[in-house]
Amino acid sequence: ALHNAGLRAAYYDWVAAVEKVPQAEALPDPRLSYAYYFQEVETRVGAQRHRVGLGQMFPWIGKRALRGDVAAATAEQRREHFEAVRLGVLYRVIDAYAEYYYLARSIEITRENIDLLDYWERLAQAKYRVATGGHPDVIKVQVELGKLADRLRTLEELRGPLVERLNSALNRQAVTSLPWPTELNQPKASIDALALAERLGRTSPELRALDAAIEREERAIALAKKEYFPDITVDLQWIETAERSVADLSDNGKDPLIGAVSVNLPVWWEKYGAGVREAEARRQAARERRQDRENDLGRRLALALYKFADAERKVDLYGNGLVPKAKESLAATFTAYESGEADFLDVLDAQRVLLDFRLSYERALSDHEQRLAESEMLVGHSLRAVPDGSRPASQEVQR
């Protein structure tokens with residue numbers, strides 16, 4: 001969060017929007033004017049040669065406050081956008097890390113299977129040499145080794161793009177190396193799908209940002225209606241007057257000071273009406289945009305929660321059920337093969353099933369973490385009930 005460039009940009013957008021509030025509420029700059037008489041105006045008390053004026057425009061009552069409200073709503077929208085970006089960054093890091101973890105475990109499991117197949121290849125060749133095994137067994141295990149070697153190469157070449165994906169989120173150089181993850185925490189999560197769906201409109205930063213946009217347009221409508229009322233300008237003018245050579249002339253050379261008040265005339269009602277209708281259309285667009293986004297987020301949340309529950313089920317299924325049974329099946333099949341009661345193809349099938357189950361288990365672990373992080377991003381708060389840094393017992397068995 002401290003190093004992500006996109007998040008820092010969202011933060012400074014928020015800071016800039018906050019600084020707009022005092023600007024919107026401030027009075028317009030006063031106007032200082034100066035006039036020079038190319039032909040002096042002769043008056044009874046002397047010739048007028050220069051005029052200096054100072055004027056200040058005062059918007060109609062309520063305009064400044066409404067402009068401040070519009071700017072404040074924009075700042076609130078930027079704040080919620082910043083929070084949404086922060087959660088998005090957190091999700092992308094967790095998602096990339098979980099995928100990186102799965103890659104590490106896939107490579108480790110694949111290498112273990114290659115080592116085991118190497119042993120079986122030597123065993124098959126030894127049996128073939130003493131005529132207790134057939135040459136097809138050697139070919140079959142070599143085919144499996146070739147397939148696993150190709151899979152391993154594909155997995156190893158995927159490390160670079162995944163590291164670059166993580167480095168991008170962390171604003172690090174793409175070539176910066178990252179060590180392999182050694183664990184993936186399985187936190188306890190407190191999830192009530194119906195309650196989360198009901199609260200989504202109140203907790204999602206994206207939807208709160210759109211709520212702020214609607215509020216801004218509401219204020220903009222009120223501000224547009226204020227355009228029907230005039231603004232008031234107060235002026236103060238001073239005229240420099242030269243003295244005349246007439247003796248005992250009352251107020252001789254006296255500089256007059258003039259006060260003036262003026263208003264603009266809001267006579268173009270169709271223009272102001274169009275401004276009100278424009279603001280109302282923007283408000284309706286903001287409402288429709290929010291409704292569309294809420295529908296989309298609700299759909300994404302339902303799917304993320306379904307996948308989370310499905311991954312949780314699979315973690316238990318594979319970790320506590322299928323993987324241990326597949327290990328037992330492989331051991332039993334290999335024993336039967338050594339005693340001549342099973343075909344070597346049965347051993348390879350059992351080994352292939354165990355490999356698939358172990359990879360499916362690790363995939364479920366990664367999916368579980370990714371979908372939890374995605375759900376947290378969508379609802380705008382943590383769903384992790386009790387932080388737990390330990391791996392589940394079934395995962396410890398696999399390691």
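Trainee: In this predicted model, is Phe82 buried or exposed?

Mentor: Phe82 is placed in helix H2, which spans residues 63-129. Its relative accessible area is 17%. Buried means under 20%, so Phe82 counts as buried.

Trainee: Which residues does Phe82 touch, not counting those up to four places away in sequence?

Mentor: Contact here means heavy atoms within 4.5 Å. With residues up to four places away in sequence set aside, Phe82 touches Leu7, Ala10, Tyr11 and Trp14.

Trainee: What distance separates the C-alpha atoms of Phe82 and Leu196?

Mentor: Leu196 is one of the buried residues of helix H4 (residues 193-203). Along the chain, Phe82 and Leu196 are 114 residues apart. Their C-alpha atoms are separated by 22 Å.

Trainee: What covers the buried residues of H4?

Mentor: The buried residues of H4 are Ala195, Leu196, Leu200, Gly201 and Thr203. Their cover includes helix H5 (205-225), H6 and helix H7 (344-379).

Trainee: Is Val93 buried, partly exposed or exposed?

Mentor: Val93 is found in helix H2. Its relative accessibility is 23%.

Trainee: How far apart in space are Val93 and Leu166, C-alpha to C-alpha?

Mentor: Leaving aside neighbours within four places in sequence, Val93 is in contact with Leu166, Ala169 and Leu170. Val93 and Leu166 are 73 residues apart in sequence. From C-alpha to C-alpha, the separation of Val93 and Leu166 is 6.2 Å.

Trainee: Which residue forms a salt bridge with Asp95?

Mentor: Asp95 lies in helix H2 and is buried, at 11% relative accessibility. Beyond its neighbours within four places in sequence, Asp95 is in contact with Arg165, Gln370 and Arg371. The closest N and O atoms of the salt bridge are 2.0 Å apart, and the partner of Asp95 is Arg165.

Trainee: How many residues apart in sequence are the parts that Arg165 and Asp95 tie together?

Mentor: The salt bridge joins Arg165 to Asp95. Arg165 lies in helix H3 (residues 135-169) and Asp95 in helix H2, so the parts tied together are 70 residues apart in sequence.

Trainee: Which helices hold the salt-bridged residues Glu99 and Arg363?

Mentor: The side chains of Glu99 and Arg363 meet in a salt bridge of 2.9 Å, N to O. This pair ties together parts that are 264 residues apart in sequence, because Glu99 and Arg363 lie respectively in helix H2 and helix H7.

Trainee: What is the distance between the closest N and O atoms of Glu215 and Arg219?

Mentor: Glu215 and Arg219 both lie in helix H5, four residues apart, about one turn of the helix. Residues three or four places apart in an α-helix point the same way, because there are 3.6 residues a turn. Glu215 forms a salt bridge with Arg219, and the closest N and O atoms are apart by 3.1 Å.

Trainee: What is the strand order of the open sheet of four strands?

Mentor: Strand S1 (31-43) and strand S5 (257-263) are the edge strands, each pairing on one side only. S1 pairs with S2 over nine bridges, ten bridges join S2 to S4, and S4 pairs with S5 over seven bridges. These pairings are antiparallel, and the order is S1-S2-S4-S5.

Trainee: Which residue in S4 is the bridge partner of Phe58?

Mentor: Strand S4 comprises residues 232-241. One of its residues stands opposite Val263 in S5. The bridge partner of Phe58 in S4 is Ile232.

Trainee: Which elements give two or more residues to the nonpolar patch?

Mentor: The patch has an area of about 860 Å² and is made by Leu27, Phe58, Ile232, Val234, Val261, Val263, Leu265, Val267 and Trp268. The elements that give two or more residues to the patch are S4 and S5.

Trainee: Is Leu265 buried or exposed?

Mentor: Leu265 lies in the loop between S5 and helix H6 (269-338). Its relative accessibility is 64%. Exposed means over 50%, so Leu265 counts as exposed.

Definitions and conventions:
Residues are numbered from 1 along each chain as its sequence is written. This is a predicted model: local features need pLDDT of at least 70, side-chain atom pairs count only at pLDDT 80 or more; totals for chains, interfaces and linings use all residues. Side-chain values use heavy atoms; hydrogens and water are left out. Buried means under 20% relative accessible area, exposed over 50%, partly exposed in between (1.4 Å probe, protein chains only). Two strands pair if DSSP finds at least two bridges between them. Patches are made of residues with over 30% relative accessible area and no salt bridge: like charges are joined within 9 Å, nonpolar side chains (Val, Leu, Ile, Met, Phe, Trp, Tyr) within 5 Å. Accessible areas come from the Shrake-Rupley method with a 1.4 Å probe; for residues, only the protein chains shown count as cover. A salt bridge is a side-chain nitrogen of Lys or Arg within 4 Å of a carboxyl oxygen of Asp or Glu.
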